[in-house]
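Have the sequence and the 3D view open as you read.

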Amino acid sequence: MSYPWEKRVEFIVGHMYDIDNNGFLDNNDFMCMALRATVVEGKGTINPARLNEYRTIMKALWDEISALADLDHDGKITTEEFKDAVKATCVGKSYSDFPKAMKAFIDAHYQMMDINNDGLVSIEEYRYNCISRIAMDDIKKVDDSYNQLVSDEDNKRGGITLQRYQELYAQFMGNESDKCAAIYLYGPIPE
């Protein structure tokens with residue numbers, strides 16, 4: 001599989017950020033992500049304090065992304081505006097150089113993926129994350145993506161650590177090559 005940079009960024013917009021599927025990003029999407037993160041992390045239980053933390057993270061992320069991408073100030077970010085902002089702020093950069101709110105989002109998303117809170121994202125947790133976002137008819141495609149993603153070190157540890165996830169996310173968004181393992185971070189990207 002080949003997942004060029006543009007397709008990866010379009011995937012982030014369409015399958016991770018545009019929660020209400022209206023074709024653009026707005027503040028509502030980020031508030032929906034806060035609730036989703038709380039429910040997923042709590043396995044159905046709502047922790048009001050954690051919901052407030054996620055709302056704070058997502059509000060900061062929306063404000064940061066909006067400042068970078070919503071150049072016409074209409075309260076909406078199109079996929080093209082988002083791509084331009086990612087190109088300016090993420091391409092060629094490491095995780096440590098990413099905007100602060102984006103780093104908070106990345107870390108929060110990792111916590112959602114690490115369902116059993118053991119500090120590793122295993123193949124089972126990766127599968128769950130993939131199939132909750134995209135329609136799949138064959139788990140082998142997801143497993144193949146995981147096997148392309150993980151390194152020998154990841155396999156020895158039993159999964160992906162937060163630090164490794166940060167590195168992979170930075171490559172997913174910031175490496176324009178489609179020849180790096182990070183292109184499989186979110187499984188097989190739909191056509």
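## A buried arginine

Arg50 is buried, at 16% relative accessible area (buried means under 20%, exposed over 50%, partly exposed in between, with a 1.4 Å probe and protein chains only). Its salt-bridge partner is Glu41, and the closest N and O atoms sit 2.6 Å apart. A salt bridge here is a side-chain nitrogen of Lys or Arg within 4 Å of a carboxyl oxygen of Asp or Glu. Glu41 is partly exposed, with a relative accessible area of 24%.

A word on where this comes from: the model is predicted, so local features need pLDDT of at least 70 and side-chain atom pairs count only at pLDDT 80 or more, while totals for chains, interfaces and linings use all residues. Residues are numbered from 1 along each chain as its sequence is written, and side-chain values use heavy atoms, with hydrogens and water left out.

## Salt bridges within helices

How many salt bridges does the structure hold? There are 16. One of them joins Asp63 to Lys59, with the closest N and O atoms 2.8 Å apart. These two are four residues apart in helix H3 (residues 48-69), so about one helical turn separates them. Helices are DSSP runs of H or I with at least four residues, numbered from the N terminus. Asp63 is partly exposed at 38% relative accessibility, and Lys59 is partly exposed at 39%.

Helix H9 (residues 162-174) holds Arg164 and Glu167, three residues apart and so separated by about one helical turn. They form a salt bridge too, with 2.9 Å between the closest N and O atoms. Arg164 is buried at 13%, whereas Glu167 is partly exposed at 39%. Both belong to a salt-bridge network that also takes in Glu153, Asp154, Lys156 and Arg157.

## H1 against H4

Helix H1 (residues 5-17) packs on helix H4 (residues 79-89) at about 120°, with the axes 10 Å apart. That makes H1 oblique to H4 (under 35 degrees is roughly parallel, over 145 roughly antiparallel, 65 to 115 roughly perpendicular, and the rest oblique).

Which residues of H1 and H4 meet? From H1 come Trp5, Glu6, Val9, Glu10, Ile12, Val13 and Tyr17, and from H4 come Thr79, Phe82, Lys83, Val86 and Lys87. Contact means heavy atoms within 4.5 Å. By class, this contact has seven nonpolar, one polar and four charged residues.

Terms used
Axes fitted to C-alpha atoms, helices over the stretch in contact; angles between N-to-C directions. Nonpolar A, V, L, I, M, F, W, Y, C, P; charged D, E, K, R; others polar.
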